[in-house]
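Trainee: I have not looked at this one before. Can you take me through it?
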Amino acid sequence: MQKVTCIAPVNIAVIKYWGKSDEDLVLPLNDSLSGTLSTDFMCAKTTISTSPALEVNKFWLNGIEQSFENERLLNCLKEVKRRANQTLPHLNWNISICSENNFPTAAGLASSAAGYACLVSALAALYEIEGDISAIARRGSGSACRSVYGGWVQWCKGASPTGEDSIAKQIAPASHWPQMRVLILVVNDERKKYSSTSGMKRSVETSELLQYRATKIVPQRIEAITKAIINKDFQAFAQITMEDSNQFHAVCLDTFPPCVYMNDTSHAIVDVVHAYNDFKKSNKVAYTFDAGPNACLYLLDSEVEEVLSVIDYVFPPVVNSEGYLKGIPLSKKAITEEL
Ligand code: DP6
């Protein structure tokens, strides 16, 4: 019997991935860039065991058995096995996968990113494959390729029609900007109305704004935010982060029928952030929203206490130690080292 356990963290995009040029290979229309959180708070944990005595493949997510006939899961497994040493004795044994997230699944909190990064890391360890595994994690969920690395990570869309250069790369480790923090404001932890996968497919089919964003806006934003990160220029970093979140949700509204992910509370958070930044006469905090109403706030540690007290005042917290997560630091070392 062989057994491996891995953990992998969530990543929060500041330049969003939205739209595929190839659904099966999970090739994006544009580059994206994110910060990977530390594994202390929001992460996925996967244990895979294999034994010649296992009669069928099994997959559990958060304690509930799932069908193994999941195309994305099978694609990842196939690709890892293809790269494995074909003489490994356990290569053809059945496997049992047990995954869990310590945060709401599919509530727009990047659970599939952490989940597939974790699954692929565990498979890679089980079948002893080496080298970059982000292209494999990408086949599970696009954003998962960025969770394979720690710190600041860019997913380069690549040019090859087969996707081998559609990979993630670390542009700076978390230690480069150790003051950076992320606050997650859980507005609603229910499953989202429509998945990112179906939402972005509909955007590709119907939104003209998406095409403009992918070709004309994102390339220059990637360049500008990379510079802001390298120079630790929070003012510029925050401006671009907020603009990109707003444009991503504008694309969602330009989709027909529209994908409405933000709710009234999300918009109220946007207003509070702008009021705070206006009062401070500079960008001290930046919001970004994925495919759900929950807010991610990027800010420096010097601002955390004050911003939290403003948030607590405007939105008195529900006393819930699980739902209200504070001040998650970016990881101090590359996630690959932690797996
Ligand atoms: C809004 O990676 O979940 O979070 O590739 O279809 O699985 P699939 O989509 P997914 O989309 C994430 C979209 C996003 C933006 C981002 O993380 O870049």
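This is a predicted model: local features need pLDDT of at least 70, side-chain atom pairs count only at pLDDT 80 or more; totals for chains, interfaces and linings use all residues.

Trainee: Fine. How many helices and strands does the protein chain have?

Mentor: The protein chain has nine helices and 15 strands. Its C-alpha trace spans about 65 × 45 × 40 Å along the principal axes.

Trainee: And what is the radius of gyration of the protein chain?

Mentor: The radius of gyration is 20 Å. A compact globule of 339 residues would come to near 20 Å, so the chain agrees with that.

Trainee: What share of the residues count as buried?

Mentor: Of the 339 residues, 46% count as buried. As for contacts with a separation of 6 or more, 74% are between residues 24 or more positions apart.

Trainee: What about the largest nonpolar core, how many residues has it got?

Mentor: The largest nonpolar core has 89 residues. Among those with the most contacts inside it are Cys76, Ala117, Val120 and Leu185. Helix α2, residues 111-126, gives the most to this core, with eleven residues.

Trainee: Why would nonpolar residues end up in one place?

Mentor: In soluble globular proteins, nonpolar side chains tend to be buried together.

Trainee: You listed Leu185. What does leucine 185 touch?

Mentor: Leaving out residues up to four places away in sequence, leucine 185 touches Ile269, Asn294, Ala295, Leu297 and Ile311. Leu297 is also on the list of core residues with the most contacts.

Trainee: Change of topic, the ligand. How many residues surround it, and which are the closest?

Mentor: There are 14 residues around the ligand, and the closest are Ala13, Ser141, Gly142, Ser143 and Thr197. By type, the shell divides into five nonpolar, seven polar and two charged residues.

Trainee: Strands next. Is β2 buried or exposed?

Mentor: β2 covers residues 11-15, and five of the five are buried, so the strand is largely enclosed by the rest of the structure.

Trainee: Which strand is β2 joined to?

Mentor: Four bridges join β2 to β5, residues 32-36, and the two run antiparallel. Isoleucine 12 has glycine 35 in β5 as its bridge partner.

Trainee: And β7, which strands does that pair with?

Mentor: β7, residues 58-61, pairs with β9, residues 95-101, in the parallel sense over four bridges. Lysine 58 has serine 96 as its bridge partner there. β7 also pairs with β8, residues 64-66, this time antiparallel over three bridges.

Trainee: What sits between β7 and β8?

Mentor: β7 and β8 form a hairpin with two residues between the strands, and asparagine 62 in this hairpin takes a positive phi near 50°.

Trainee: Which other residues have a positive phi?

Mentor: Glutamate 128 is one of them, with phi near 55°, and it is not a glycine. Glutamate 128 is in the loop between α2 and α3. Lysine 232 is another, at about 50°, and lies in the loop between α5 and α6.

Trainee: Are those two buried or exposed?

Mentor: Glutamate 128 has 12 other C-beta atoms within 10 Å, so it counts as exposed. Lysine 232 has 14 C-beta neighbours inside 10 Å, so it counts as partly exposed.

Trainee: Now prolines. Where is proline 257?

Mentor: Proline 257 is in the loop between α6 and α7.

Trainee: Last one. Where does alanine 268 sit?

Mentor: Alanine 268 is in helix α7, residues 264-280. It has 14 other C-beta atoms within 10 Å, so it is partly exposed. Alanine 268 and isoleucine 136 are 132 residues apart in sequence and 38 Å apart in space, C-alpha to C-alpha.

Notes: Residues are numbered from 1 along each chain as its sequence is written. A residue is near a molecule or strand if its C-beta atom, placed from the backbone, lies within 6 Å of it. Ala, Val, Leu, Ile, Met, Phe, Trp, Tyr, Cys and Pro count as nonpolar, Asp, Glu, Lys and Arg as charged, and the others, Gly among them, as polar. Two strands pair if DSSP finds at least two bridges between them. A nonpolar core is a set of buried Ala, Val, Leu, Ile, Met, Phe, Trp, Tyr and Cys residues joined through C-beta atoms within 7 Å. A residue is buried if 20 or more other C-beta atoms lie within 10 Å of its own, exposed if 12 or fewer, and partly exposed in between; C-beta atoms are placed from the backbone. Two residues are in contact if their C-beta atoms, placed from the backbone, lie within 7 Å. The radius of gyration is taken over C-alpha atoms; the globule rule is 2.2 Å times the number of residues to the power 0.38.
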